[in-house]
Amino acid sequence: MPKETNTLRLDRRRVILAGFAIAAAVHPVAAAGQTGLAPAADLLATTRKFLASLEPEKRKAASFAWDGAEWRGWNYFGSSDFIKPGLRLEQMSAAQKEAAWNLLAVLFSPAGIGKTRNVMTLQDVLAESGNGAGQRSSQRFSFAVYGTPAETGAWGFRLEGHHLTQSISVRDGQIVSVTPSSFSALPARITSGKHAGLMALKDEEALARRLAADLSAKPRARQSDSPLSNIMSYAGRERANAAKVGIPSAEMTVAQRDLLWQLVETYTVGHLTQGLAAAQKDRVRSGDRDAVHFAWYGPNSPEKAFGYRVIGDSFVIEMGSVDAAAQHLHTIYHDLANVLGRAA
């Protein structure tokens, strides 16, 4: 089982600190650049029920200002205690945990809930192997509400922990954004023990490797011999790496374009409830579909570090291998028109 080295921890601390420094700048809060994805009535009701289930001190721990430093400073990288802003599952009673999961079920499909639990489970797998024992836990994931949940105005919800960040923005009764969104993994492949066979990001890796192999005769698809060792579009830089690189969809075959869109929808659609997923599918396909670019970094060999980026008019998707064996994978998906619910 791979362990995170001190060097990797230092590198990620630099990324986190840089992201917080940029994110701490004042950003204007504007109306979302596009119409809403779905009505927020069910999310509002379940969020209110979750908050109502909490004692005053727990409610305080789960509540933050809308568009403040905590909201802008999202991250799922490791830290000394793996604690993110909000009320953690390990701090909740059984009834409060049920209310928290009911809230998430309004947003996520059964497949999305399963993927969420898989990412959480990986923290227990690592702790049991001696990597972060006493610090990592499948219960060390935070639920947080930003602003005041209401029928009008702006507010948000976030689930966050090590290798997981999911942000939902609401404005005037409509869900307007479901990003930043990341399901990341360490280990990417479990080969022994009671969780043997678990691959939390199986499709995210397999579809991209298939597409890269199909595009191997097109040199523009491969951007570098070196892998993409981490995401580029972290907090404060959500739109900073949106320049299109690689090969456009227009230069792909029908089969290659199909693979590309399967990959895109794995990140943007597959984890969401039916109505939200349908709206998301329309959103990511709303730009110039021929201009969606795919870029590969590093070799395309099993268990070798790699990376890729998919960039469209309205979104950025990234995956990077933090380690040489491609066991430690970081991902991100951003809705460029609605970064954290902001059009600007």
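A polar contact is a pair of N or O atoms within 3.5 Å, where within protein one must be able to donate a hydrogen and the other to accept it, and where residues adjacent in sequence count only if both atoms are side-chain atoms. Such a contact, of 3.2 Å, joins the side chains of Gln123 and Arg136. Gln123 lies in helix H6 and, at 2% relative accessibility, counts as buried (under 20% relative accessible area, with exposed over 50% and partly exposed in between, for a 1.4 Å probe and protein chains only).

This is a predicted model, in which local features need pLDDT of at least 70 and side-chain atom pairs count only at pLDDT 80 or more, while totals for chains, interfaces and linings use all residues. Residues are numbered from 1 along each chain as its sequence is written, and side-chain values use heavy atoms, with hydrogens and water left out.

Helices (H or I, at least four residues) and strands (E, at least two) are DSSP runs numbered from the N terminus. In strand E14 (residues 329-335), 7 of the 7 residues are buried, so the strand is largely enclosed by the rest of the structure. Leu329, Thr331, Tyr333 and Asp335 point one way from E14, whereas His330, Ile332 and His334 point the other way. Strand E13 (residues 315-321) pairs with E14 in the antiparallel sense over 7 bridges, pairing being assigned if DSSP finds at least two bridges between two strands; His330 in E14 is the bridge partner of Gly320.

Ala326 is found in the loop between E13 and E14, and is buried with a relative accessible area of 0%. Most residues other than glycine have a negative phi, and most peptide bonds are trans. The table lists exceptions of both kinds.

| Site | Feature | Value |
|---|---|---|
| Ala326 | positive phi | near 55° |
| His163 | positive phi | near 75° |
| Thr179 to Pro180 | cis peptide bond | omega about 5° |
| Leu186 to Pro187 | cis peptide bond | omega near -5° |

His163 is in the loop between strand E5 (154-161) and strand E6 (164-171), and is buried with a relative accessible area of 1%. Pro180 is found in the loop between strand E7 (174-177) and strand E8 (181-183), and Pro187 in the loop between E8 and H7.

The buried residues of H8 include Gln256, Trp261 and Glu265.
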